[in-house]
Amino acid sequence: MNIKRNCIFLLNKEKDLPDAKLRYRIRWDGNIVSFNLGYRIDIDKWITEAQRCKNNTIHGKKKIHSGIINRDIQHFEDICNNIFLKYEKKGVSPTPQEFKDDFNLQLGKKVKSERTIFQYHEEFMLEQGRSSQWTESTYKEHRTIQKRLKEFAPELEFGDLTEKGLSKFVDYMHTIPINSKTKGLKNSSVRKNLDNLKWFLRWATSKGYNKEMAFTTFQPKLKEVKNPIIFLTWEELMKVYNFVIPSHLSHLEKVRDVFCFCCFTSLRYSDVANLKRTNVFEEHIEITTIKTYETLRIELNNYSKGILDKYKEDRFKDNVALPVISNQKMNDQLKVLGELCDISSPVSITYYKAGERIDETYKKYELLTTHCGRRTFISNAIMLGIAPEIVMKWTGHEDYRTMKPYIAIADKAKKDAMDLFNKK
């Protein structure tokens, strides 16, 4: 791409004055910008054809030598050509504001953006959310990082996100109040926030909004620990599946059924909430996942069939197949259900906040969430001896590495089972 332009140095002549302000006017694609060079040129010492001052002349009341002025004229020309070359390589034409900002940056001037960094972030969420079809949870993550940036520095600009600025933001995240009792994000949460911030900054850089590149090499040392996968063993799953729920807690029955359906099919919460009756067939379900847009065919077993049959005469909003409540409410009620079913084996969780290691022990029911259903399916399928390749066809996993933690669980279960012989 070649951007046609007209670039000329002009003298702003004023009546009866022997000198004039020197400015640089640039026209392209119907756009026009101009810059003052900060010099007054003696009109009779200016060569219009050459766009330069006559050699060995001095100009204005400050007696500036022509060599200095001509050097700056050449510098302005070089900057102009470099900017157009950059946009020609991109195959786009700059807007007047983009050109001005680039020009002033190369002159060493601090550019005051027409919009705030938070307004650019709104544009980022709108554009990326639409093109990547973000889920509500992804929007929530990015709204959270915007909120934290505003609280960190209400007048934040791109230029503030140097390595020092990013380090200060990390320190801030380690100290922010989470609730009345807790302060500071876990290192894993800090990492997630940084990843989302970098995503935005990469986008802003590609758009020409951001010029500060410290984020590309910024890698703070954040200790993280891989914690155990929370899932129900087969015995625990059967305990929940067969549990007789008290009449005064009858609402937990639907929560139990939806959760168990996930445990018997590998569906995520978002997919079971979107499972329509038209996705259900006699021997299988077929659904395009919300997260990966992959169409999965998952065979039904006696347990999943039984749950679907239980609700086949009921009618739910949007023709969904099961009585699914909100994710947050279901997570809360799963913990109540787990406590009722005495799913209380101890689980140790380790994490870091900055450099501090924190070890906590929970009863398993305290850690139950809707995602444990999917993990329960995978873990039990592997322990039952089903080949990982087959499990991956049900779950939609494409990377064999994602199966490794579950295979490790199965290997430990086999060892524990073999140890039973030593007790005889």
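This is a predicted model: local features need pLDDT of at least 70, side-chain atom pairs count only at pLDDT 80 or more; totals for chains, interfaces and linings use all residues.
D16 is exposed, with a relative accessible area of 72%, and this residue sits in the loop that connects β1 and β2.

**The loop around D16**

- The strands β1 and β2 form a hairpin with six residues between them, and D16, in the turn, has a positive phi of about 70°.
- Most residues other than glycine have a negative phi, which is the background for reading the next point.
- The phi of D16 is near 70°, which is a positive value in a residue other than glycine.

**The sheet of β1, β2 and β3**

- Three strands make up an open sheet, arranged in the order β1-β2-β3, and their pairing is antiparallel.
- The edges of this sheet are β1, covering 5–12, and β3, covering 31–42, each of which pairs on one side only.
- From one strand to the next, the twist averages 20°.
- Strands of a sheet pair through backbone hydrogen bonds, either parallel or antiparallel.
- Between β1 and β2, the latter made of residues 19–28, there are eight bridges, and these two strands run antiparallel.
- As one example of this pairing, L10 has R23 in β2 as its bridge partner.

**Helices lying across the sheet**

- Helix α1, which is made of residues 66–90, lies across β1, β2 and β3, and it runs at about 170° to β3.
- Helix α2, which is made of residues 96–106, lies across β2 and β3, and it runs at about 40° to β3.

- Strand β10, residues 346–353, is mostly covered, since six of its eight residues are buried.
- Eight bridges link β10 to β11, which spans residues 356–363, and the two strands run antiparallel.
- The bridge partner of K353 in β11 is E356.
- This hairpin has two residues between its strands, and A354 takes a positive phi near 55° there.

**Helices α5 and α6**

- Helix α5, residues 163–173, and helix α6, residues 187–206, have axes that come within 10 Å and cross at roughly 140°.
- The crossing of α5 and α6 is right-handed.
- On the α5 side the contact is made by L166, F169, V170 and M173, while on the α6 side V190, N193, L194 and L197 take part.
- Sorted by class, the residues in the contact of α5 with α6 are seven nonpolar, one polar and no charged.

**Helices α8 and α11**

- The axes of α8 and of helix α11, which holds residues 327–340, come within 10 Å and cross at roughly 100°.
- Angles of 65 to 115 degrees count as roughly perpendicular, and α8 and α11 are therefore roughly perpendicular to each other.
- The residues in the contact of α8 with α11 divide into nine nonpolar, two polar and one charged.

- Where does D257 lie, and is D257 buried or exposed? D257 has its place in helix α8, and at 6% relative accessibility this residue counts as buried, because buried means under 20% relative accessible area.
- Leaving aside its neighbours within four places in sequence, D257 is in contact with I307, K310 and Y311.
- S266 is found in the loop between α8, which covers 251–265, and α9, which covers 269–272.
- Although S266 is not a glycine, its phi is positive, at about 80°.
- With 1% relative accessibility, S266 counts as buried, whereas D16, which also has a positive phi, is exposed at 72%.

Note on methods: Residues are numbered from 1 along each chain as its sequence is written. Side-chain values use heavy atoms; hydrogens and water are left out. Two strands pair if DSSP finds at least two bridges between them. Helices (H or I, at least four residues) and strands (E, at least two) are DSSP runs, numbered from the N terminus. Axes are lines fitted to C-alpha atoms, for helices over the stretch in contact, and angles run from 0 to 180 degrees between N-to-C directions. Contact means heavy atoms within 4.5 Å. Buried means under 20% relative accessible area, exposed over 50%, partly exposed in between (1.4 Å probe, protein chains only). A crossing is left-handed if the near helix is turned anticlockwise from the far one by less than a right angle, and right-handed if clockwise. Ala, Val, Leu, Ile, Met, Phe, Trp, Tyr, Cys and Pro count as nonpolar, Asp, Glu, Lys and Arg as charged, and the others, Gly among them, as polar. Angles under 35 degrees count as roughly parallel, over 145 as roughly antiparallel, 65 to 115 as roughly perpendicular and the rest as oblique.
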